[in-house]
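Me: I would like to go through the labels used for this structure and ask what each one rests on. Please set each value against its cut-off where there is one.

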Number of protein chains: 2
Amino acid sequence: MDKIALDIANQCLAGQIKIVSRVVIGIYDRELRSSGLKITQASILVHLLAYGSRSGGALGRSLQMDKSTVSRNIDRMERHGWVNKTDEENVEITEAGRELILSARPQWEKAQKIVCNMFGSDGVDAVKLLTDKVKNRNKRK
Amino acid sequence: MDKIALDIANQCLAGQIKIVSRVVIGIYDRELRSSGLKITQASILVHLLAYGSRSGGALGRSLQMDKSTVSRNIDRMERHGWVNKTDEENVEITEAGRELILSARPQWEKAQKIVCNMFGSDGVDAVKLLTDKVKNRNKRK
DNA sequence: GTCTCCGTGTTGTATATGCAACATATAAGC
DNA sequence: GCTTATATGTTGCATATACAACACGGAGAC
């Protein structure tokens, strides 16, 4: 029983975020399982729906993913037939991808509801706050 | 440009948490890189320091990891010589593991400082709030 | 005693993730 | 022109992650 170690365990922001992340992502992935999607791929499809075709680099910047991670996620999704790489270094959603993500909406809603209940309105606000802090981290100074 | 998709992209709690997680974990992992640790393994070592030898199941419950994930993380760490599996289904930290995690403290402090600066005190509070919500999610009713 | 349930751990399979190194291509400097 | 910087994408490597299926051992139920 090391008291200092206990302090570190309780204060480490990365450790806390990992725990929160594992639980929340688990809830979404379990709900989405019947659709064949995981939350990462669902996020990419939603992004392509929202913003249209984009380069892998742009996707990575929006989702804070390394370019290699984007590259391999797109590969997997192309194998499933949900996206295509177009001529001009862009990724576009296919009709199958569009139908899939639209059909998965109820499952997404359910997961969102479960987590909203767990977090409460102050918890949801906290997530938003952290997201904003992360996205604006290089804007000051 | 689909307006509804844009709403979903901006509201999805899992998507937001993934983004926050990627950024924060990236900061810690980069700082810890010189020590040879990643934040997951550092968390396990700190837990073993704080609470002493524990079963994989107990570690998984504390860190919200699947038992198979714990199992394979422990395997990796045993290969590195940082932990041992004892007779009685417990995992114990080795002397090498203890020295490693103690020596990595400055790097952890630096990462913690960077993220604290990024988040501000309200952001740090937000992380704590979410962690508490997650840990107490089954306690009500 | 036997059977069932539960806690524990391992293994197969698949996805997710990032760094380093590499290969291109385009743009800017000079 | 050439060079340098910047953006793009891929691949090797290692770790992190979870579900399903399996195996094992103990604790009760009867």
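**Cavities, pocket and contacts**

Me: Which residues line the largest cavity?
Reply: From chain A the lining takes Q16(A), I17(A), V20(A), V127(A) and L130(A), and from chain B it takes I17(B), V20(B), V127(B), L130(B) and T131(B). The model is a predicted one. The volume of this cavity is about 90 Å³.

Me: What makes this space a cavity or a pocket?
Reply: A cavity is a space where a 1.4 Å probe fits but cannot get out, whereas a pocket is an open set of points. In general, a probe the size of a water molecule, rolled over the atoms, shows where empty space is left. The count comes to three cavities of 30 Å³ or more.

Me: Which elements supply at least two residues each to the lining of the largest cavity?
Reply: Helix 2 and helix 7 of chain A do, together with helix 2 and helix 7 (105-135) of chain B.

Me: How do the residues of that lining divide by class?
Reply: Eight are nonpolar, two are polar and none is charged. Ile, Val and Leu count as nonpolar, and I17(A), V20(A) and L130(A) are among the lining residues.

Me: What is known of the second largest cavity, and what lines it?
Reply: The second largest cavity has a volume of about 50 Å³. The lining consists of G15(A), K18(A), I19(A) and R22(A) with I39(B), T40(B), S43(B), L63(B) and M65(B). The elements giving two or more residues are helix 2 of chain A and helix 3 (39-51) of chain B. Helix 2 of chain A gives the largest share, four residues. By class there are four nonpolar, three polar and two charged residues. Lys and Arg count as charged, and K18(A) and R22(A) are in this lining.

Me: What are the volume and the lining of the largest pocket?
Reply: The volume is about 990 Å³. The lining has 29 residues, and those nearest the centre are S21(A), R22(A), I25(A), G26(A) and D29(A). Seven lining residues are nonpolar, eleven are polar and eleven are charged.

Me: Where does the lining of the largest pocket come from?
Reply: At least two residues each come from helix 2 (13-32) and helix 3 (39-51) of chain A and from helix 2 (13-32) and helix 5 (67-80) of chain B. The largest share, nine residues, belongs to helix 2 of chain A.

Me: Why is helix 7 of chain A called oblique to helix 1 of chain B?
Reply: Helix 7 (residues 105-135) of chain A packs on helix 1 (residues 3-11) of chain B at about 50°, with the axes 11 Å apart. Roughly parallel needs under 35 degrees and roughly perpendicular needs 65 to 115. The angle therefore makes helix 7 of chain A oblique to helix 1 of chain B.

Me: Which residues meet where these two helices pack?
Reply: R105(A), W108(A), Q112(A) and K128(A) of helix 7 of chain A meet I4(B), I8(B), N10(B) and Q11(B) of helix 1 of chain B. This contact has three nonpolar, three polar and two charged residues.

Me: Why is Q112(B) called buried?
Reply: Buried means under 20% relative accessible area. Q112(B) has 11%, so the label applies. Q112(B) lies in helix 7 of chain B. Beyond neighbours within four places in sequence, Q112(B) is in contact with Q11(A), C12(A), L13(A) and Y28(B).

Me: Why does D29(B) count as buried?
Reply: The relative accessibility of D29(B) is 15%, and the cut-off is under 20%. The residue D29(B) belongs to helix 2 of chain B. Its contacts, apart from neighbours within four places, are K38(B) and I39(B).

Me: What makes V91(B) buried?
Reply: V91(B) has 5% relative accessibility and therefore counts as buried, given the limit of under 20%. V91(B) is in strand 2 (residues 91-93) of chain B. Not counting residues up to four places away, V91(B) touches L48(B), S53(B), R54(B), I74(B), V83(B) and N84(B). V91(B) and S53(B) are 38 residues apart in sequence, yet 5.3 Å apart from C-alpha to C-alpha.

Me: What share of chain A is buried?
Reply: Buried residues make up 48% of the 141 residues in chain A.

Definitions and conventions. Residues numbered from 1 in each chain as written. Chains lettered and ligands numbered in written order. Predicted model: local features only at pLDDT ≥ 70, side-chain atom pairs only at ≥ 80, totals over all residues. Heavy atoms only, no water. 1 Å grid on protein atoms, 1.4 Å probe; cavity = no way out; pocket = protein on both sides within 12 Å on 5 of 7 lines; lining within 4 Å. Points joined across faces, edges and corners; volume = space filled by probe spheres on them. Axes fitted to C-alpha atoms, helices over the stretch in contact; angles between N-to-C directions. Parallel < 35°, antiparallel > 145°, perpendicular 65-115°, else oblique. Contact = heavy atoms within 4.5 Å. Buried < 20%, exposed > 50% of the residue type's maximum accessible area, 1.4 Å probe, protein only.
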